[in-house]
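Let's take a walk through this structure together, one part at a time. Keep the sequence and the 3D view at hand as you read.

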Amino acid sequence: MDTNLPISAHPRVVIIGCGFGGLRLAKALRKAPVQVVVIDRNNYHNFQPLLYQVATGALEADSIAYPIRKIFSGQANFFYRMADVQRVDPARNTLTTNVGDIRYDYLVLATGSLTNFFGLESIERNAMQIKSIPNALNLRSYIFQNFEKALLTDDPAAKQALLNIVVVGGGPTGVEISGSLAEMRKHVLPKDYPELDLSAMQIFLVEAGPELLGSMSPASQADAKRYMEELGVAVRLNTPINKYEDGKAYYSDTEFIPTENLVWAAGVNGAEVPGLPAEVVARNKRIVVNPWNQVQGQPNIFAIGDVANMVTADMPRGLPMLAPVAQQQAEHLAANLQRLMRGETPRDFVYNNKGSMAIVSRNKAVVDLPKNVHFNGFFGWLTWLFVHLMTLVGFRNKVVALVDWAFSYFSSDQALRLIIRPFNRKDMKDDPGKASAEHRTATPEYTATPPAIQAPA
């Protein structure tokens, strides 16, 4: 039943997911009198904030991933199983996975988030996304494949659609990948594709709301928009994309942007686990928890990070879906689990907001700190680099990332423009079963429509 997990005299804490929250919780329990079991479909921890750099060739995938077993090497109470969790059975204290059932005494959901397509089926079916390393590698291959196709076509409309890139979503991910693409258009692509007229390549950053970086300060929002425009990115605010098909990203019933490259970064949902009562799942598929991350009505099930919907007086819509929240909740829950085992009352979680930041391009970033402290530009860029470098897991990854960043900065180049795993959207159309919840990034091959007809002003 327990997939060969050893029997222990200590309570078993099963953690689903080894993202920021799951990783920090498992480490925080290293000296606790418990058996720690981590379940994840991947055998590595993925540093999601840098996925966009994998997608644009600035970093290789193994620079932002680190083997789970290596992370916990030497932690005697740690066990890992590579598996997909299919269902939780609270009545039996059991998880059903694709490799067998796993019993738990305490269960922690640290499953993170999935892309939210807001019920827009054509976008879910056709757009590229960037939530996992396979997503990032697919996106990188696909963009460069389209440049290769652009070299081979004499049709101006088809060529324009192959060159255009539309990024939907003005949050940190959308801003960061748009800025990186603009840098690539300026410094990298002219060297590789001198035969293409790259002045015709358009990068659109499309946001349904009135501002970029909606969760940050007005100063950061204004700086980000100014930086985007300086880089030549066409920013479209108050412009929801409601359909994407036939190589057209529609922002009204008749108006569209012609593109074969649509990147969806417009929102996320919690990655819920089937089997919990419907009343504990909020509308954004996050799990309702109390002030100590206990799932409503479930005495031995907890949720942390993006999947946890913890409502406070200051944040009635729930704490933000950010890595620092997950990490702080993990540390707090580790202490609370031990209090529960001792028969003590758990303590409420209080989020310590240390600020937020977003990078736009080289020497351009925005940083918000508590007490309305804001700065930008080169100092903000250095701050972003330092924080992300220190947060990467593994000394090797830190060194590799630093060397790659230094090379890119001083040479204005990116060496990883490789199509190692060609991506074909048509394959996904022919076999919809290939599209999993995590890797559904397929779009069929389309014939583009002339851009001059209905492109935005």
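The expected span of a helix is 1.5 Å times one less than its number of residues. With that in mind, look at helix α10 (residues 323–341) in this predicted model: its 19 residues reach 27 Å from the first C-alpha to the last, close to the 27 Å expected. Just after the helix comes G343, with a positive phi of about 80°.

Next, find the open sheet of 4 strands, which pair in parallel in the order β13-β12-β11-β17. β13 (234–236) and β17 (262–264) stand at the edges with a single partner strand each, so one side of each has no neighbour in the sheet. On average, neighbouring strands here are turned by 15° against each other, direction ignored. Strand β11 (residues 165–168) runs parallel to β17 and is joined to it by 3 bridges; V167 has V263 in β17 as its bridge partner. Lying across β11, β12 (203–206) and β17 is helix α7 (residues 172–187), which runs at about 170° to β12.

Finally, turn to the interior. In soluble globular proteins, nonpolar side chains tend to be buried together. Here the largest nonpolar core has 65 residues, and L50, F147, I177 and M228 have the most contacts inside it. Helix α5 (residues 133–152) gives the most to this core, with 9 residues. Leaving aside neighbours within four places in sequence, M228 is in contact with residues including V175, L205, V235 and V360.

Conventions
Residues numbered from 1 in each chain as written. Predicted model: local features only at pLDDT ≥ 70, side-chain atom pairs only at ≥ 80, totals over all residues. Heavy atoms only, no water. Core = buried A, V, L, I, M, F, W, Y, C linked by side-chain atoms within 4.5 Å. Buried < 20%, exposed > 50% of the residue type's maximum accessible area, 1.4 Å probe, protein only. Helix = DSSP H or I, 4+ residues; strand = E, 2+ residues; numbered from the N terminus. Contact = heavy atoms within 4.5 Å. Pairing = 2+ DSSP bridges. Axes fitted to C-alpha atoms, helices over the stretch in contact; angles between N-to-C directions.
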